[in-house]
Amino acid sequence: MYHVRFRDPAGSIRDGEYDPATDTVAFGGEAYALSDPAIDVLAPSEPSKIVCIGRNYADHAEELGNDVPDRPLLFLKPPNAVASHGDTVTVPAGKDRIDWEAEFAVVIGEQCKAVDAADAMEVVAGFTCMNDVSNRDDQNREQNWVRGKAFDGAAPLGPVLATPDEVPADASVDLRVNGETKQSSDREHMIFDVPTLIEEITTYLTLEPGDVIATGTPEGVGALSDGDTVEIEIEGVGTLEHDVRVP
C-alpha cells in the first residue's frame, strides 16, 4: 500500500491512499491527480527529527577517504531540513561544494524505545526516498555537522510512503541529476541493515511517529549546481524529484 500526504485544492492537508497505476491519491471519496497544479505533494511525514547514518556503504566511505565505522555513525537533521517532492531547494550561498546523497529512508510508525532488532520492523510505518543534501565546505570544518547537514531544505523526502511489503529486500537505489545517473546501488549493500539501525538508535533515543531514519548513501556523490533537477528512485517506492537553487 502507498500513502501520500498532500494539500488539497481547499488548502487542507490530507493523508490519502496512492494508486501508482493512475498516479492519483484518494481521500474522502475523492480522487486527485498528483499532476493537478492545485495539489501540493507534501513530505510523507512531519518528523520531530531525522536520524541519519554516515558511511553505511563501504564504497561511499572509500570515495571520501574515510574508514568504515565499527558501529552506526549517527547524526541528526532537524524538522526545518524537510523539503517535499517538487520543491526547489535553496542551498547556502557562497559554498564551493553542496553534494547530493541518495538515501533509503525509514519512517517510524509508533513511539518506541529500546527496540530489539528482531522486533524492529513492527515499529516501521514504511519507506520513502530522501536526499541528504550536504554542505561539504562546513561539514569538513566541524564535528557536529550542523552547518553541513541541518540547513533549511537539506532533507527532501517523498513522494510516497510505501509499506514494507511493497519494497524488495534488495531494492535498488538510484540518483539522477538532469537525467544522468550518478548513483546506483541497492539495500543489500548497506553495512548496517534497517533492524540493526533501529536497535542501535533506540538504545539512545526515543523515536516518535513520523520520525525518519536515513540509512546512508552509496558511492557517487557529487556537487550540485544552480538549476539542477535531482531524481531519487527507489524500487518499490517511486521517484522523488526536486530542483536546486544556488543563490
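Q: How many Å separate the centres of domain 1 and domain 2?
A: In this predicted model, the centres of domain 1 and domain 2, taken over C-alpha atoms, are separated by 24 Å.

Q: And where do those two domains run in the chain?
A: The domain assignment of the protein gives residues 1–41 as domain 1 and residues 43–245 as domain 2.

Q: Which residues in domain 1 lose the most area to domain 2?
A: Those are Tyr 2, Arg 5 and Val 41, which together make up 62% of what the domain 1 side buries.

Q: Let's switch to pockets; what lies between the two domains?
A: The second largest pocket lies between them, because domain 1 (1–41) and domain 2 (43–245) both give residues to its lining. About 160 Å³ of space lies in this second largest pocket.

Q: Which residues line the second largest pocket?
A: Among them are Tyr 2 and Val 41, which also belong to the residues of domain 1 that lose the most area to domain 2. The lining of the second largest pocket also includes Tyr 18, Asp 23, His 85, Pro 159 and Thr 239.

Q: What about the classes of the residues in that lining?
A: The lining of the second largest pocket divides into eight nonpolar residues, three polar residues and one charged residue.

Q: And the largest pocket, what volume does that have?
A: The largest pocket has a volume of about 260 Å³, and its lining is made up of 17 residues. Leu 64, Asn 66, Arg 136, Gln 139 and Trp 145 are the lining residues that lie nearest the centre of the largest pocket.

Q: Which elements supply at least two residues of its lining?
A: For the largest pocket, β6 (50–54) and α2 (136–139) each supply at least two residues of the lining. By class, that lining has four nonpolar, seven polar and six charged residues.

Q: How many bridges join β3 to β4?
A: Four bridges join β3 to strand β4 (residues 30–33), and these two strands run antiparallel. Ala 26 stands opposite Ala 31 in β4, while Gly 28, in the hairpin of β3 and β4 with its two residues between the strands, takes a positive phi near 60°.

Q: Last topic: in what order do the three strands of the open sheet come?
A: The order in that open sheet is β13-β10-β18, with antiparallel pairing. Its edge strands are β13 (134–135) and β18 (222–223), each of which pairs on one side only.

Q: How many bridges join β10 to β18?
A: Two bridges join strand β10 (residues 98–100) to β18, and the bridge partner of Trp 100 in β18 is Gly 222.

Methods
Residues numbered from 1 in each chain as written. Predicted model: local features only at pLDDT ≥ 70, side-chain atom pairs only at ≥ 80, totals over all residues. Heavy atoms only, no water. 1 Å grid on protein atoms, 1.4 Å probe; cavity = no way out; pocket = protein on both sides within 12 Å on 5 of 7 lines; lining within 4 Å. Points joined across faces, edges and corners; volume = space filled by probe spheres on them. Nonpolar A, V, L, I, M, F, W, Y, C, P; charged D, E, K, R; others polar. Domains from an automatic or database assignment. Pairing = 2+ DSSP bridges. Buried area = accessible area lost by both parts, 1.4 Å probe.
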